[in-house]
Amino acid sequence: MNTYRSLEKETESQHRQPRGETIIDLNQVVKTYETPSGPFTALKDINLRIQPGEFVAVVGKSGSGKTTLLNVLAGIDRATNGIISVDGTQLEKISESQLSEWRGRTIGLVFQFFQLLPTLTIAENVMLPMDFVEIIPASKRRTRALELLERVGIADQADKLPTALSGGQQQRAAIARALANDPPILMADEPTGNLDEATRTSVLELFAKLNADGHTVILVTHERDISSYTDRQVTLVDGHVADDLQR
Amino acid sequence: MTRLLFIKLLRDLRTLWDRIVLMILALSITLIMFSAVLYTWGITGRELSGAYLSTSPASATIWIKPGLDADEMAAIAAEAHKQPGIINVTPRTQLILQVQQEDGGWGPNPLQIFVAEPDDPMQMETFTVEQGNWPPAAGEILIDRSSFELLELEVGEVVVVQAPNGTPTSLRISGVVYDPALAPSFQEQKAHGFISAASLPILGEPIALDALKIQVADQSGLTKPSRNRNLIVATARDMANWMQQNYAVTIREIQVPTPYAHPHQAQADSLLLGLLVFGVAGLLLSAILIATMLNGLFTQQIPQIGIMKAIGARSSRMLQLYLLMTLIIAAASTALAFVPGIFISRAFAPVILTLLGADAENLTAPSWMYLVVIAAGLGVPLLFSLASLVKTSRTTVREALDYRGVDQYGNNATRFSAWLGRLWNLDRTMLMAFRNIFRRRARLLLSVGLLASAGAVFVGGMSTMAGFQASLDQDKELRRWDVDVRLADIDQASAVTLTGLVSEIPGVARVEEWSILPTSIVPPGQQIIVTRTYPDQGHGSISITVIPPDSTLITPPPLLEGRWLRPNETGAVVISQLGSTEDIPTIRNGDAIQLSIDGRITVGWSLASPSQWVDMAEASSPRKPALRQLPG
């Protein structure tokens, strides 16, 4: 149970659980979409196990099923077949509304286009997941938001609206938001796809640092030279796991 | 609702202020219209009823013929008061006078005078004396305040009048009376006055009272007049039979108007109900408008909903957020409309009441109406937006992330889009415009529904106006004469002579002699006539119009059932739907009915048809030969 009391006691590195215990387990997962031109299977019999504290890059060409895999893992999409277990929860067994709350506690999501709410300040954007999940007392939420923004290097931007920030700063804010409830797993879909080279490097370094702090990180990316940051690289081709390289 | 979501809500409202202001204005304008009419309805209904009941109207009037002197009637009244279920009894009479104009001729407008004994306790059919005193001295008259303008008279002036049996006589106007039980003189073109019985000899009339006014309770011992007309009719019949048996009087008619209802109550209700219908239609229209605009606003928020759900928000939180947004808009509109609605009703209600001849003592609407307006202002927009609210709040993260402003049509949309693309003369801009129209079906349906509803309300309003005008035009068409001269009393021979003389006047193309006689439908087995006539002898009454067989001035009115009268047909009658439905609701074409005509009960009338008629208060019309068949 991820309570605030336990959160306070834990150091960030204590998230790291002993390797060998599976935090994500996909068993014969299939995802088929109904399209105007007929059914399209994006994931075909995927079997994948991820250990706590791993930094996994999911790579592949466009249409290979990377984003679909991430969506299925985050409970954004429902698998057509197969069993998905994330942090001890079997996703096909919980409702859409329960999924939302589960996601808030368990997964920190980072999107390519940052997806910050435009009418809330950066600090408020970071505080919002805490409001939804309510494991952090209301009186401590702003302090925690400022700490997280400090951690990603944009504490001085806390009271600005997202439109006032650069792309890299917005992505850092989105990462801080993903960390709001201190979830064990971070998932990011092309987090560097919209950033320049320098910003891209700093964001990847940030993810590596978070992984070093104990978070399990799953990164969907087109980046070719990402292996220096990650423990493991899963390559998808036409919905199959074509390669699974451990570093 | 979390604090941050509330902050987001307020900032979203600020960002969308122009659209929000438009929504609030649209809703508040229709709420003003709706509330003003509703409050006016409430105020008018209560004040009209209150004013009417303040006159302590009689439950029934028993007319005898001939009248008795004051002492005899007082003795009957004293005994009648002891009868079971009788609250009050008082003898009265009334006359119709002609009024002399300044040029010495007799004016076109009659003066109806109500007569009571000088010692009448005035506990029934009473009135407010605004100037002068009751009872006026012999030779003096109090005039209803709405009659002064009609008669062009003032207090203190002397008016020359002539009673049916008298000669021209002068009466001094000693004061002003407010009687809300009477229709205003400008509406009826009839003046009203009040004298004591002491003035009757001056007018050349005997001191004879021929009306016994009674108030009937539901049970003996109760002091509140009954609302049950059937009970009142039964009690009045018993009283009439008792009077016949014990005092050998002849009962001319019993008049039992609708209890607790002002003579113009139905008119006021119809007018305000009509306005209220359009007020409600306007409210519904603005609710659809708001639902359309909110749907657009919620649709814009779909990506944000997706993000919030991705970071832990449940659907219920999203529902709360957008429910509150809708409520804020509705509450702001309701607040904005609240005071203007009250002010307009306070200006409008007295106008309606003046038309009905009543004063308003209290211009505050009933408190439950304020609650209705608040409930309508908050509830109707919410109700109309609910489907959109629930749908939006249930948007999944996947749907939100995939949202591109296009509905999921599937193959049908593809086929439709493809079909649009195949239209040979459609350029790309037009094609894009057409596809954009059908891009989001919910928006399209709401927009089309809004325009259709607005069109329906507009066409409904215009149709009502056109229908009302058409009805007036039809009445004008049916009335194919220019001048209608009503004679107080004339025999058949004199009428024929007069008709001949008038026809010789240059410019007179056609003249006909008609008779209009007071009538009622008498249920089988009854010998006492019971009508719904009000004390002014006009409202609630029905009459029969007797027309020459060769009449060219009459145009048969539209028939709801049956047929029009045939030439030289006898024993048949056409009655108006009003006359048929009130007294004998089950009456059908071909049934035999019993009529009283001019105080005499006749038999053997077969019903040709119910019809619409020029004057809705009239039943019509056996042709003249039919009258010759009357017994007696």
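Predicted model: local features only at pLDDT ≥ 70, side-chain atom pairs only at ≥ 80, totals over all residues.
Let me start with B:Glu47, which counts as buried because its relative accessibility is 8%, where buried means under 20% relative accessible area, exposed means over 50%, and partly exposed covers what lies in between, with a 1.4 Å probe and protein chains only. The side chain of B:Glu47 meets that of B:Arg46 in a salt bridge, at 3.1 Å from N to O, and by a salt bridge I mean a side-chain nitrogen of Lys or Arg within 4 Å of a carboxyl oxygen of Asp or Glu. B:Arg46, for its part, is partly exposed at 30% relative accessibility.

Residues are numbered from 1 along each chain as its sequence is written, chains are lettered from A and ligands numbered from 1 in the order in which they are written, and side-chain values use heavy atoms, with hydrogens and water left out.

Staying with salt bridges, a search of the whole structure over all chains finds 21 of them. One of these joins A:Glu124 and B:Arg11, with the closest N and O atoms 2.6 Å apart. That pair crosses between chains, since A:Glu124 sits in helix 4 (residues 122-133) of chain A and B:Arg11 in helix 1 (residues 3-15) of chain B; helices here are DSSP runs of H or I with at least four residues, strands are runs of E with at least two, and both are numbered from the N terminus. A:Glu124 is buried, at a relative accessible area of 10%, whereas B:Arg11 is partly exposed at 22%.

Within chain A, the side chains of A:Arg232 and A:Asp244 form a salt bridge at 2.8 Å, N to O. A:Arg232 belongs to strand 9 (residues 232-237) of chain A and A:Asp244 to strand 10 (residues 240-246) of chain A, so this pair ties together parts that are 12 residues apart in sequence. Of the two partners, A:Arg232 is buried, with a relative accessible area of 5%, and A:Asp244 is partly exposed, with 32%. Together with A:Glu54, these residues are linked in a network of salt bridges.

Now to helix packing in chain B. The axes of helix 2 (residues 17-54) and helix 7 (residues 265-310) of chain B come within 9 Å and cross at roughly 160°, the axes being lines fitted to C-alpha atoms over the stretch in contact, with angles from 0 to 180 degrees between N-to-C directions. Helix 2 and helix 7 of chain B are therefore roughly antiparallel to each other.

Lastly, the surface of chain B. B:Phe416, B:Trp419, B:Met430, B:Phe434, B:Ile437 and B:Phe438 make a nonpolar surface patch of about 520 Å². Helix 11 (411-422) and helix 12 (428-437) of chain B each supply at least two residues of the nonpolar patch, and helix 12 of chain B gives the most, with 3 residues. B:Phe438 is found in the loop between helix 12 and helix 13 (441-478) of chain B, and at 31% relative accessibility B:Phe438 counts as partly exposed. Such patches are made of residues with over 30% relative accessible area and no salt bridge, like charges being joined within 9 Å and nonpolar side chains (Val, Leu, Ile, Met, Phe, Trp, Tyr) within 5 Å, and accessible areas come from the Shrake-Rupley method with a 1.4 Å probe, where for residues only the protein chains shown count as cover.

Notes: Parallel < 35°, antiparallel > 145°, perpendicular 65-115°, else oblique.
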